[in-house]
Amino acid sequence: MTDTILPNGIKDSGGDNYFKKGCNPFAQTGRSKLQNKRASLNQQIIKQMRMRAGAENLLKATSNNKVREMVVLELSYVNSNLQLLMEQLEGLNSSVEVYQSSQETATIPLIPLGLKETKEVDFSVAFKDFILEHYSEDGKNFDDEIADLMDLRQACRTPSRSEAGIELLAKYFNHLPLLESRFFSPTRQTGIFFTWYDSFTGVPVCQQNLSLEKASILFNMAALYTQIGSRSDRQTIAGLEEAISSFQKAAGLLNHLKETFTHTPSYDMSPAMLNMLIRMMLAQAQECLFEKTVLPGIRNNFYSLLKMAQEATKVSETYDQVHQSMIQAPIKDNVPLFWSTMSQIITNHYRSLAHYFVATALLDHQLNPSDDEDQQEKTLSQVYDRLPEGRSPLDILKRRDERRRIGKAHLRRAILAHEEALRICGLCRDLRRLEVLQEILQASHQRSVNKFADNDNEDEFTDYMEAPDIISKTEHKAEMEVPTLSKVKVIDFFQRLGPLSIFSAKQRWTAPRTIQLRPDDGDLGFTLKGEQPVQVVSLDPLCPAAADGLKEGDYIVAVGNTDCKWLGVSEVMRLLKDVDEDGISIKVVSMMDSNPSMPTKSATFCGNLPKTYSMICLAFDDDDKNPKSRKVTKKPSFLSWGLKNRLKSASTLSLPTADASSTLPWSKPCPTFPSSSSYNNDSALY
């Protein structure tokens with residue numbers, strides 16, 4: 001079963017257009033079926049939430065007892081349906097077997113993340129209107145560019161589970177800042193709503209800006225890396241290296257998401273949830289690092305066994321941290337039970353392996369005269385955080401009975417840990433379906449039981465000594481790895497609008513004006529400067545072009561029928577060089593002030609009452625960029641002009657200086673007016 005669809009039925013030629021349209025949403029693969037179920041559940045959850053919101057509003061509005069009883073009954077049905085839908089969504093997040101490699105036969109399944117679902121977005125109407133109003137161009141001329149953008153976003157809903165899928169998401173992610181600069185003005189709304197569904201609860205989140213879109217694409221890139229890592233063949237070194245790299249990159253992307261988008265109104269991208277997901281990705285990477293170490297085989301000697309015991313303890317420790325974060329509120333209410341149970345099982349499994357390795361080292365490898373006694377003593381002392389009272393590492397190594405007692409104590413802890421893992425596995429319905437996991441746990445448990453039976457002597461006095469804990473240590477620690485998204489180069493879909501540094505949504509300029517140029521003795525009356533587009537400077541106010549409306553600082557956007565937005569000075573001069581007596585027409589635009597001057601009155605918010613202060617007599621130094629050093633200067637009143645300071649009239653009008661006494665009423669600090677963002681929030685949480 002293929003994981004991709006080729007555009008227009010063309011055979012794969014290895015070109016750049018391959019995977020352009022992402023996966024086939026109708027392909028009957030296990031992963032596509034899960035995503036289709038997820039999309040269907042999200043729609044049902046929306047319907048039930050709308051019904052619940054309507055019932056709650058009716059309950060608040062009515063005073064009729066009979067109606068209230070009917071509404072309360074309806075609410076109970078709706079809440080019950082929502083609970084069932086949430087359980088089904090949790091089941092989808094627990095379906096890890098779909099993402100595993102088909103070659104996996106003897107490894108514990110890994111936990112991938114599902115992709116966030118989104119609604120389709122139609123850019124055509126809003127972008128065409130914005131191009132006409134803001135850029136003064138016909139939006140119909142950009143139908144192809146808008147169609148390409150919509151195709152790219154649609155493909156990102158079903159990316160292929162490979163590096164090509166990652167590149168597809170990175171390509172769209174790198175286009176978003178360009179779109180934001182082109183079409184998303186800070187002073188007006190585009191009317192485009194981006195809706196994404198929470199991957200754990202199915203609750204939709206909608207925003208008009210691109211922050212949610214960027215964050216969701218980053219989340220899906222991390223989720224896709226986890227699916228690639230879960231699918232890797234962990235029976236080979238190359239497959240394990242791919243899994244390690246994938247989970248480390250997923251952790252790096254999630255950490256980048258947490259640090260960059262701090263107020264995303266979606267629970268699956270909240271800081272607490274992202275911290276838990278980062279820990280889980282690093283724990284799975286650490287598990288793959290352990291598997292890579294043991295894949296060639298473990299040397300049956302004292303030092304190798306103790307080393308592997310500490311490596312296994314490291315994996316157990318990282319998964320225990322994941323489990324502890326999963327059971328904390330409010331994460332425990334939304335994380336699938338499968339995940340928290342799985343982390344608990346793996347914690348016990350690797351803890352059991354660590355005790356088994358130490359027991360094997362103590363029981364099977366006695367201290368011989370040819371062994372390095374000091375080295376073994378040093379190695380054993382680094383394994384334990386504490387030793388049983390009255391015992392030293394050297395005593396344990398030299399005395400056969402002590403080695404035997406402590407070795408059996410480690411075996412007892414190994415058996416108990418695996419029994420606990422099997423008990424927990426039996427409590428989760430989804431885990432009971434994973435036959436591979438149960439086989440691994442049962443085989444490891446039986447190996448410990450057999451080892452204990454081989455070293456059990458019926459004549460010995462039963463000693464229930466508690467084996468000491470093992471210190472975790474690793475030579476290869478899993479680290480976050482942030483993939484370089486900038487490596488995926490993109491070309492602005494709307495580059496025909498002009499250089500982004502000039503022609504952006506933040507800049508304001510006049511509509512294009514047509515100027516007829518007629519050379520006067522071979523001189524056009526102005527010079528050009530700048531890069532792209534060129535700018536008119538040194539304009540002769542008496543030249544014909546100035547009389548026709550050309551202004552100093554105008555940008556030339558066209559010469560005749562040639563678009564000049566991307567032409568430099570030399571290219572434009574070449575077009576204007578051979579102008580005949582009839583002249584040539586050019587189109588120019590004038591930059592408008594994006595920062596309007598300060599009004600004559602300023603409002604300050606104080607005690608919930610706006611107060612207005614006259615600014616007539618205040619002079620600000622606009623060149624001073626430091627607000628702390630900005631001073632309020634005193635303008636003399638017209639009544640005091642020409643008089644000396646010692647002869648000032650008592651009726652002189654002036655404002656107090658900056659060093660006035662703090663006891664005066666006008667020197668009291670006044671709180672600033674709250675920003676408009678607190679009243680005009682462009683995000684809406686449904």
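At 28% relative accessibility, does Glu-420 count as buried, partly exposed or exposed? Glu-420 counts as partly exposed (buried means under 20% relative accessible area, exposed over 50%, partly exposed in between; 1.4 Å probe, protein chains only).

All views show a predicted model, in which local features need pLDDT of at least 70, side-chain atom pairs count only at pLDDT 80 or more, and totals for chains, interfaces and linings use all residues. Residues are numbered from 1 along each chain as its sequence is written, and side-chain values use heavy atoms, with hydrogens and water left out.

**View A. Salt bridge between Glu-420 and Arg-423.** The closest N and O atoms are 2.7 Å apart (a salt bridge is a side-chain nitrogen of Lys or Arg within 4 Å of a carboxyl oxygen of Asp or Glu). Arg-423 is partly exposed, at 44% relative accessibility.

**View B. Salt bridge between Arg-496 and Glu-145.** The closest N and O atoms are 3.0 Å apart. Arg-496, in the loop between helix 15 (435-454) and strand 3 (508-509), and Glu-145, in helix 4 (residues 143-155), are 351 residues apart. Glu-145 is buried, with a relative accessible area of 14%, whereas Arg-496 is partly exposed at 40%.

**View C. Salt bridge between Asp-554 and Arg-513.** The N to O distance is 2.6 Å. Asp-554 is buried, with a relative accessible area of 1%; Arg-513 is partly exposed at 21%.

**View D. Network of salt bridges.** The linked residues are Arg-399, Asp-401, Glu-402 and Arg-405.

Key:
Helix = DSSP H or I, 4+ residues; strand = E, 2+ residues; numbered from the N terminus.
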